[in-house]
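Keep the structure open beside you as you read.

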Amino acid sequence: MIIKVGKEDFDINCSSLNQKCFEPLIKIYKVRMSEETNIGVKERFYEELTEGQRALFMFNVYSNHISKSLIEFYWWSAYFMAQPKKWVAIKACFKYFHDEPFLSLLEKIEQELKHYHHPTTLENFSITRDELIQNKELYASFESLYVSFENIYPVTIEKINNFIEKNLHEFIQIES
């Protein structure tokens, strides 16, 4: 999907390059979701994106939800894992950005969720945020995973920003 941005509106050396490239994508996505009720609108939007835009989109969708708190980290990870296509796309985004530490974190999250028999489809998904609080072992494992997330997240953002800077054409087109 060609996203055109005016040169005067875009600072390539900014520390929020990932957000600058994500904002136009999410705006288009929200407009389409409000205009179309067709069930395939999400898939069509995603298919129109470049590989880089897909990686950026999935990174932001996932990280914007999980970064709010330990409970949100747990619940949204469980929710996305229960959607195999989305979970695979989330993993693919970290492969695309060559972020092995975050990919390893996702594998550990997946192992923990499977260990506690969390659903792998939405068909039987009835996980609540309270389940984390009610299960001390689950809480302890996710607390540790969340600390790992908080430690690697700033490095991930830096990696993504550097990757975008070197491959800008994969994300946006700057107009003179």
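Predicted model: local features only at pLDDT ≥ 70, side-chain atom pairs only at ≥ 80, totals over all residues.

A residue is called buried here when its relative accessible area is under 20%, exposed when that area is over 50%, and partly exposed in between, using a 1.4 Å probe and protein chains only. Residues are numbered from 1 along each chain as its sequence is written, and side-chain values use heavy atoms, with hydrogens and water left out.

Start with Q53. Its relative accessible area is 1%, so Q53 is buried. You'll find Q53 in helix α3, residues 51–66; helices here are DSSP runs of H or I with at least four residues, strands are E runs of at least two, and both are numbered from the N terminus. What sits around Q53? Leaving aside residues up to four places away in sequence, Q53 touches M1, I3, L25, E170 and F171, where contact means heavy atoms within 4.5 Å. With M1 there is something polar going on: a polar atom of the Q53 side chain lies 2.8 Å from the backbone oxygen of M1.

Now zoom out to the whole of α3.

The axes of α3 and α4 come within 8 Å and cross at roughly 145°; axes are lines fitted to C-alpha atoms, for helices over the stretch in contact, and angles run from 0 to 180 degrees between N-to-C directions. On the α3 side the contact uses V61, Y62, H65 and I66, and these meet E72, F73, W76, S77 and F80 in α4. The residues of this contact divide into six nonpolar, two polar and one charged.

E72 also takes us to the salt bridges. A salt bridge is a side-chain nitrogen of Lys or Arg within 4 Å of a carboxyl oxygen of Asp or Glu, and the whole structure has six of them. In one, R129 pairs with E72, the closest N and O atoms being 2.7 Å apart. R129 lies in the loop between α6 and α7 (130–134) and E72 in helix α4, so the pair ties together parts that are 57 residues apart in sequence. E72 counts as buried at 17% relative accessibility, whereas R129 is partly exposed at 31%.

Finally, look at α5 and α6. K91 and E107 meet through their side chains in a salt bridge of 3.3 Å, N to O. Because K91 lies in helix α5 and E107 in helix α6, this pair ties together parts that are 16 residues apart in sequence. K114 and E110 form another salt bridge, at 2.9 Å from N to O. These two are four residues apart in helix α6, so about one helical turn separates them. K91, E107, E110 and K114 are linked in a network of salt bridges.

Definitions and conventions:
Polar contact = N/O pair within 3.5 Å; in protein donor to acceptor, adjacent residues only side chain to side chain. Nonpolar A, V, L, I, M, F, W, Y, C, P; charged D, E, K, R; others polar.
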